[in-house]
Amino acid sequence: MHTYIEAIRKAARRLLTEKRVDAVIGFRKGTIPFMNEPVLVKHPDQVDQLTWDSHCGINLANYLGQRPGKVAVVAKGCDSRNIVVHLLENQIQRDQIYILGAPCKGMLDRRRLTAECRGREPHSVEEFDGRIRIKGRDLELDLERRAFLQDNCAICIHRNPVIHDELVGEPVAEQTGVDRYEDVRRVEQMTSEERWQYFDDLIAPCLRCYACRNVCPVCYCPTCFVDESKPQWVGKSVDPTDTRTFHLLRAYHVAGRCTDCGSCERACPVGIKVRQFTKKLERDILDLYGYEAGLIADQRPPLDTYRPGDPEGFIK
Amino acid sequence: MKEAYLAKDKLLPLVGLLMARYRVAAPVAVGDYHQFQILTQPEQLDLTYRNTRLSPKDLFHPQSEKLFRFSTAADDPDANILKEVERDQGPRLVFGIRPCDARALRLVDVNFDTADCQDPWWVERRRNTLLVGLGCTAPCATCFCSAVGSGPFDPGGLDLVLTELADGYAVAAASERGEALLADLDLLSALDQDRAAAAAEVQKTAAGTVARPFDPTPLGDKAMTELFQSPFWEEVAFSCINCGTCTFLCPTCWCFDIQDEVQKDAGVRLRNWDSCMFPLFTLHGSGHNPRQQKPQRVRQRFMHKFKYYIDKYGDGPACVGCGRCVQFCPVNIDIRQVVALMTARCVCPA
Amino acid sequence: MKNPYLPYPVRIDSIVTETEDRNLKTFKLVFLNPEDENKFAYQAGQFAELSVPGLGEIPIGIATSPTEKGFIMFTVNKVGKVSSHLHNMRPGDVMGVRGPLGNWYPWDKLKGKNVVIVGGGFAFTTLRSSIVYMLHPDNRADFGGITVVYGARNPGMLLYKDELVAWEKRDDILLHITVDGTNDPNWPYNVGFVPAITKTKAPSSDNAYAIVCGPPIMIKFTLPVLTDLGFAPDRIITSLEMRMKCGIGMCGRCNIGTEYVCKDGPVFTFEQLSRLPNEY
């Protein structure tokens, strides 16, 4: 990881000094364990703020949409796929971005790490040789990194950036033999009633803070459907019906565009596993259209494309 | 009676006693976190917590609350006339609230309980609820209550304060209602000198461990427009995703929206928590939005808590240093850093 | 404890379409319970929340003067969910009014002064309230000269047309009506933007206060004119608009710095505004 940091800073310094970009989007070290903060660096003498570690789960492509000028961005595999989606959807032009590709071995799940501390407060976290060492008050843990990856990272098969201008690290081996849809099958095997209860329990703590939506790179509508008033589609209270509507419809709106970056689950302040909605649609899109979001630079998402061979009967 | 002692083995029986007289809200373990809930059994109580994820403000200001009902039926003589929704305003007691959260309720009182206008629901609930606080023996690294005028055993805002000792709790009255309650409770014994000294020691140690990441004095001194026009807001706002996490978890955020919802012939007017982080918050019907840009909204939150509130009410900031926003902001915007920027005597250009 | 969120039930007595584009209508409202009218005692400059059950509430300036008894009037622009529904309502329909809310034009300070009123477009509603109030026989002697400049985009967009014509003829008020432009060759009044007409008519700032209400662009260009005429910032008064919900300074959304537009305003002097963040 140290080599990544060196490479990111070196590239940032060079790009800013040569004025090839106006700013570099990366992460700076967080103020609490398991967190880092996205940062916009504008001056070459500020690039030493930039860092990289296993707590960079937030998708930086979220900060690219409609951005003027030229910007460099550090992008993991999933982030780079979201950049492709942005390009397909005209949210930014290719010549505006300089992509610093960061091959990724998975990001750590801050919630699982916190839970492992069993109520004691972590003060610091270090990582080497595949182990994570957490220290705090009355707290010292030595954990296996692989056991604490974010859920989406554990099953990721696109760890290397699919688009980049330069890489800040060596490409990593892609995971093979990964079951990407175990969760989906588990839910599909439930009865209707069980499924209803499962999802109701899942979103019961939802505060309608919209962190999941706002951290998502493909949720960029100037007025989200939950904020429309003429007509008003969704109530704004925490009524379970309205909360269901929000989560179900958002999953549909990102279908075929979601890259399973896991930022939504990471952002949620109450730990809702919102990917339980999006994974199903991701699997369906794959089955129906053979499509994965953001892999091919000129292949539009299936739900905004019509092709004569499309299976839907109603459109024939 | 001003102080007493509660042995640990008397804790649950005491809670049971209180539950016979009040609806008791207390921290309950829910998954990996704790939450204030109305207890149905004393055993639900779990005081082995640092703080709840959601603040107890929703006991006084529920996230969604029906205010009025009305009918829209054409043949109803009372159609379109609002009627207040019945609610149970019976006596309640919050057991195990942290001093920061109790102080937060005081800070919010000035908004809902004014000389010429009272929010009837907030005011009633505050009047009907006793607050029994559990002071913080081991404040978190993210706490900064002492920097904003509070402290881990701050009695202001509480009726009783508990200090955890080896085998029980020192109980101190912090208000007249607290004194009356103490006098009226069985299962307590007298607080002997040793235990009183031990409690004082615990409190002193705790106060010494709370970080003070900034000195709030410059906030009062600096001009409002000077802070407003400071150059660092763009930088502070960059990572913000304008979600409602900080505002919803914050014990001193009170902003709300009023919405009408109708199903067939029956409607309700309800209020929901709202957030200055949302663009819709200040959107005019004409389409004009005074806070169209993200940095303007981010600036509003910090300016409100650490400048406008100070100037308007002459009290400290509208923040109790509970640290929830620090722990839960999805992008790790750290309020301690932002306020340090606001209080800095000299801000170096980015 | 009085519940400040509970509206007084009112009935729509009449609806008058004011403008030719039909986007502005004046609603005359009558209280269902006569004693509510006494409780609603208001001053010119205040506003109320018009409550349409099922849709929501909107903050609208009170267009009537407290001297007009038995009813209250509001001129509403159709911009959104609630106002659109309101525009489709009929006389006889029941709705609600919550108020009076906000502060009012500083009538105590205006006593014995000359009053200059500059209004544009549909911001004229509380100015109508003020003019009717001042012109009332009980009050007229309290004020010196009253000069009004009121303009709209074209003749069809002027509010309260009949009253304007009547006021223009009176000798106890100097009313300059203007439009930005018109195709009417017989247009008897001024043609020109409000700030320009204000400059031409040059009302004296001697012992005077100015009340300015209008779209931001009009205010932007009128302020320098008034300043050049000698009006100090604490003698230029305006009434601001903001998105509001509670109207009682509790929901938190309408603040400019420390001030809630619904409670500490909507009436402010420009001197007060100069000390607040420029965010409105």
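The domain assignment divides chain C into domain 1, spanning 8-101, and domain 2, spanning 107-239. The coordinates belong to a predicted model. Chain B and chain C bury about 3700 Å² between them, while domain 1 of chain C and domain 2 of chain C bury about 1500 Å². Over all chains, the structure holds 63 salt bridges.

**Domain packing within chain C**

- Taken over C-alpha atoms, the centres of domain 1 of chain C and domain 2 of chain C are separated by 24 Å.
- The contact between these domains involves 21 residues of domain 1 of chain C and 18 residues of domain 2 of chain C.
- Of the area of about 1500 Å² that domain 1 of chain C and domain 2 of chain C bury between them, 58% is on carbon and sulfur atoms.
- On the side of domain 1 of chain C, the residues that lose the most area to domain 2 of chain C are Glu18(C), Ala44(C) and Thr67(C), which together account for 29% of what that side buries.

- The rule finds 1 salt bridge across the interface of domain 1 of chain C and domain 2 of chain C.
- Glu68(C) and Arg128(C) form a salt bridge in which the closest N and O atoms are 2.9 Å apart.
- Between domain 1 of chain C and domain 2 of chain C, 9 residue pairs are in polar contact, with both residues at pLDDT 80 or more.
- Strand E2 (24-31) and strand E5 (72-77) of chain C each supply at least two residues of the side of domain 1 of chain C that touches domain 2 of chain C.
- E5(C) gives the most to that side of domain 1 of chain C, with 3 residues.
- By class, the side of domain 1 of chain C that touches domain 2 of chain C comprises 6 nonpolar, 11 polar and 4 charged residues.

**Fold and dimensions of chain B**

- Chain B contains 12 helices and 11 strands.
- Its radius of gyration is 22 Å, close to the 20 Å that the globule rule gives for 350 residues, so chain B is as compact as a globular protein of that length.
- Along the principal axes, the C-alpha atoms of chain B fill a box of roughly 70 × 65 × 40 Å.

**Interface of chain B and chain C**

- Chain B contributes 50 residues to the contact and chain C contributes 42 residues.
- Carbon and sulfur atoms carry 57% of the area of about 3700 Å² that chain B and chain C bury between them.
- There are 8 salt bridges between chain B and chain C.
- Asp257(B) and Lys245(C) meet through their side chains in a salt bridge, at 3.0 Å from N to O.
- Between chain B and chain C, 26 residue pairs are in polar contact, both residues being at pLDDT 80 or more.
- Elements of chain B that each supply at least two residues of the side touching chain C include strand E4 (64-71), helix H2 (99-112), strand E10 (256-263) and helix H10 (294-313).
- H10(B) gives the most to the side of chain B that touches chain C, with 7 residues.
- That side of chain B has 22 nonpolar, 14 polar and 14 charged residues.

**A salt bridge within chain A**

- Lys273(A) and Asp151(A) form a salt bridge, their closest N and O atoms being 3.2 Å apart.
- Lys273(A) lies in the loop between helix H9 (263-267) and helix H10 (275-289) of chain A and Asp151(A) in helix H4 (residues 151-154) of chain A, so the pair ties together parts that are 122 residues apart in sequence.

How values were computed: Residues are numbered from 1 along each chain as its sequence is written. Chains are lettered from A and ligands numbered from 1 in the order in which they are written. Side-chain values use heavy atoms; hydrogens and water are left out. Domain bounds come from an automatic or database domain assignment. Contact means heavy atoms within 4.5 Å. Buried area is the accessible area (1.4 Å probe) that two parts lose on being put together, summed over both. A salt bridge is a side-chain nitrogen of Lys or Arg within 4 Å of a carboxyl oxygen of Asp or Glu. A polar contact is a pair of N or O atoms within 3.5 Å; within protein, one must be able to donate a hydrogen and the other to accept it, and residues adjacent in sequence count only if both atoms are side-chain atoms. Helices (H or I, at least four residues) and strands (E, at least two) are DSSP runs, numbered from the N terminus. Ala, Val, Leu, Ile, Met, Phe, Trp, Tyr, Cys and Pro count as nonpolar, Asp, Glu, Lys and Arg as charged, and the others, Gly among them, as polar. The radius of gyration is taken over C-alpha atoms; the globule rule is 2.2 Å times the number of residues to the power 0.38.
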